[in-house]
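I opened my notebook to look through this chain step by step, beginning with the whole and then turning to single residues. I wrote down each term with its cut-offs when I came to it.

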Amino acid sequence: MAKHRCGWCEGDTLYEAYHDEEWGVPVYDDDTLFEFLILETFQAGLSWITVLRKRENFRKAFDYFDYKKIAKYNQKKVDKLLQNEGIIRNKLKVNATITNAQAFMKIQDEFGSFSKYIWGFVDGKPIKNSFKDYRKAPANTPLSDTISKDLKKRGFKFVGSTVIYAHMQATGMINDHEINCFRYNEV
């Protein structure tokens, strides 16, 4: 008997594996939170599957999302990234990645970890929604608005409310699996 999955991932094996293994699983590790934040910023204006298909290329190009290294990137490295056909070559997003790595480390200094900071917005516990159809889930919420504004105030770029809501879904801060999806009660 086939498992019922959220409708957005059906029909693509890469999407289904991401859905089944990662999407909505609570992430408390700073390295993984940073990776998702950067991937979500590159997704802005594009589809998630586009980014997902380039994920390994992004990992290699951006030193496996080592934010300490990324924070020190210079113009030579930016130019090299902009020539890399394996990633999304958007100059503003590449530069934002460097800025965001720097801001990420400032949050770590202030809060002890980025995880403590970001999970503090939900008291450390995932919000569990109950949608029958993934298309009923919002693109953003007052909470994602609040987090977005705070991140921008702290110097982050490309962290609009929709990007932040997607980040919250991906990292399990919000469980937006459809209620009849086999992952709904597992995450």
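**Entry 1: the whole chain**

I looked up burial to begin with, and found that buried residues make up 50% of the 187 residues in the chain, where buried means under 20% relative accessible area, exposed over 50%, and partly exposed in between, with a 1.4 Å probe and protein chains only. I noted that this is a predicted model, in which local features need pLDDT of at least 70 and side-chain atom pairs count only at pLDDT 80 or more, while totals for chains, interfaces and linings use all residues. Residues are numbered from 1 along each chain as its sequence is written, and side-chain values use heavy atoms, leaving out hydrogens and water.

I then listed ten helices and two strands in the chain, taking helices (H or I, at least four residues) and strands (E, at least two) as DSSP runs numbered from the N terminus. The radius of gyration is 16 Å, close to the 16 Å of the globule rule for 187 residues, so the chain is as compact as a globular protein of that length; this radius is taken over C-alpha atoms, and the rule is 2.2 Å times the number of residues to the power 0.38.

**Entry 2: the core**

I looked for the largest nonpolar core and found 53 residues in it, with Phe62, Phe114, Leu151 and Phe156 having the most contacts inside. Such a core is a set of buried Ala, Val, Leu, Ile, Met, Phe, Trp, Tyr and Cys residues joined through side-chain atoms within 4.5 Å. Its largest share, seven residues, comes from α2. In soluble globular proteins, nonpolar side chains tend to be buried together.

I checked the length of α7 next: its 21 residues should span 30 Å at 1.5 Å a residue, and the end C-alpha atoms are 30 Å apart, which agrees, the expected span being 1.5 Å times one less than the number of residues. The buried residues of α7 pack against α2 (30-43), α5 (67-70), α6 (75-82), α8 (114-119) and α9 (142-153).

**Entry 3: loops and positive phi**

I turned to the backbone angles, keeping in mind that most residues other than glycine have a negative phi, and most peptide bonds are trans. Just after α7, Gly112 takes a positive phi of about 95 degrees. Asp123, in the loop between α8 and β1, has a positive phi near 55 degrees although it is a residue other than glycine, and Asp123 is exposed, with a relative accessible area of 65%. Phe158 also is not a glycine and has a positive phi of about 55 degrees; Phe158 lies in the loop between α9 and α10 (161-170) and is partly exposed at 31% relative accessible area.

Key: Contact = heavy atoms within 4.5 Å.
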